[in-house]
Amino acid sequence: MKDALRIQDRFAAEPVLARTGKGYLKSEGVETLQRIKAGLKKSAAR
């Protein structure tokens, strides 16, 4: 639940003229990915 609330603002609804019934997830950007990768490298080194 904590993770779901953390990423809730990244979800965007579908465009008004589209009728797919699906939205999409906005990217957090390169900075976030770099932090995740750095954390994975630290945990792998242990």
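Where is Asp9 found? Asp9 sits in the loop between H1 and strand E1 (11–12). Let's take a closer look at this and other parts of the model, which is predicted.

**View 1. Asp9 in its loop between H1 and E1.** The side of the chain at Asp9 is exposed, with a relative accessible area of 60%. Follow the chain for 16 residues and you reach Leu25, whose C-alpha atom is separated from that of Asp9 by 9.2 Å.

**View 2. A salt bridge between Asp3 and Arg6.** Side chains of opposite charge can pair when their charged atoms come close. Here, the closest N and O atoms of Asp3 and Arg6 are 4.0 Å apart. Both residues belong to helix H1 (residues 2–7), three residues apart, which is about one turn of the helix. An α-helix has 3.6 residues a turn, so residues three or four places apart point the same way. Asp3 and Arg6 are both exposed. A search of the whole structure finds one salt bridge.

**View 3. Helix H2, residues 30–45.** From its first C-alpha to its last, this helix of 16 residues reaches 23 Å, close to the expected 22 Å. Is H2 mostly buried or largely in the open? The number of its residues that are buried is one, so H2 lies largely in the open.

**View 4. Confidence in strand E2 and helix H2.** The protein has a mean pLDDT of 76, and 83% of its residues reach 70 or more. Confidence is lowest in strand E2 (residues 24–25), with a mean of 70, and highest in H2, with 82. Where pLDDT is low, the predicted coordinates should not be read in detail.

Technical notes
Residues numbered from 1 in each chain as written. Predicted model: local features only at pLDDT ≥ 70, side-chain atom pairs only at ≥ 80, totals over all residues. Heavy atoms only, no water. Salt bridge = Lys/Arg side-chain N within 4 Å of Asp/Glu carboxyl O. Helix = DSSP H or I, 4+ residues; strand = E, 2+ residues; numbered from the N terminus. Buried < 20%, exposed > 50% of the residue type's maximum accessible area, 1.4 Å probe, protein only. Expected span 1.5 Å × (residues − 1). pLDDT = per-residue confidence, 0-100.
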